[in-house]
Amino acid sequence: MKFDAKLSQRLSLLTLTSWMSVCLLISGFFPDATLHLQKLWALTGCMGLVASFGLVHKIKNELLAQAELINSMQNEAETDALTSLANRRVLERQLSACVAERQSGGRPFMFSLIDIDHFKSINDTHGHQTGDRILRFISNMLTVTLGEDAVVARYGGDEFAVIVHTEDTDLVNTKLNRVRSRIAHDSRYSEDLEATTISVGLAQSVSGDSATSVVERADKALYQAKDEGRDRVIVSGTSPS
């Protein structure tokens with residue numbers, strides 16, 4: 001990056017300036033130099049050190065700006081722009097970490113896939129702005145209801161994914177049903193818009209799981225929820241595929 005090249009040049013200049021300033025300052029105290037030269041060298045050395053301190057401050061500010069830029073770029077790369085949730089890349093990384101922890105005897109977790117029923121029809125009939133509103137509404141409901149311990153991500157266009165560190169299937173099932181009920185009740189923004197519903201597949205992790213197997217079980221439960229009429233939560237069995 002050009003920014004890094006400029007920073008490298010300034011660090012080199014800082015090193016050279018500091019070294020010359022120290023040499024000049026020391027030279028000002030040589031006994032064989034005239035008093036005039038001693039004062040000149042000492043003054044020049046002091047001015048050089050002052051300039052070096054100013055350059056240090058400038059470099060510090062540039063390093064802070066670069067760190068902020070890197071953090072901003074990382075956040076953009078890991079966050080869904082519409083809902084402000086984690087994106088699929090982050091979800092898959094978190095899921096892999098959870099599976100590895102589970103395989104080594106660590107914490108169990110629940111994994112859920114959530115799909116908005118008939119979302120294409122909502123976009124086609126009421127427009128994408130309404131669809132975006134619904135996506136933001138559902139993401140907020142999931143985040144607020146499931147709490148800080150849950151990883152909530154936008155998994156695809158109209159699909160969300162959730163990781164919750166617990167083995168209490170009933171608790172997660174209850175929370176997801178609470179989300180489902182509130183969405184169906186509160187998602188009508190106009191008289192001509194029918195209530196939005198979601199279908200949910202929930203899978204509990206087991207020691208033999210891979211990331212693929214736990215996703216497949218949640219996905220199978222999700223399709224079962226759709227086949228049984230939508231607007232429901234289906235809990236998968238616990239055997240890995």
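Modeller: A pocket here is an open set of grid points with protein on both sides within 12 Å along at least five of seven lines, and a lining residue has an atom within 4 Å of a point. Keep in mind that this is a predicted model.

Biologist: Okay, which residues lie nearest the centre of the largest pocket?

Modeller: His118, Ser121, Ile122, Glu194 and Ala195, out of a lining of 12 residues. The volume comes to about 190 Å³.

Biologist: What makes a lining residue nonpolar, polar or charged here?

Modeller: Residue type decides: Ile and Ala count as nonpolar, Glu as charged. Across the lining of the largest pocket, that gives three nonpolar, six polar and three charged.

Biologist: On to the strands. Why is β3 called largely enclosed?

Modeller: Buried means under 20% relative accessible area. Six of the six residues of β3, residues 159-164, are buried, so the strand is largely enclosed by the rest of the structure. Glu159, Ala161 and Ile163 point one way, Phe160, Val162 and Val164 the other way, and all are buried.

Biologist: And how do you know that β1 and β2 pair with β3?

Modeller: Pairing takes at least two bridges between two strands. Strand β1, residues 110-116, has six bridges to β3, and β2, residues 150-154, has five, so both pass the cut-off of at least two. Both pairings are antiparallel.

Technical notes. Residues numbered from 1 in each chain as written. Predicted model: local features only at pLDDT ≥ 70, side-chain atom pairs only at ≥ 80, totals over all residues. Heavy atoms only, no water. 1 Å grid on protein atoms, 1.4 Å probe; cavity = no way out; pocket = protein on both sides within 12 Å on 5 of 7 lines; lining within 4 Å. Points joined across faces, edges and corners; volume = space filled by probe spheres on them. Buried < 20%, exposed > 50% of the residue type's maximum accessible area, 1.4 Å probe, protein only. Helix = DSSP H or I, 4+ residues; strand = E, 2+ residues; numbered from the N terminus.
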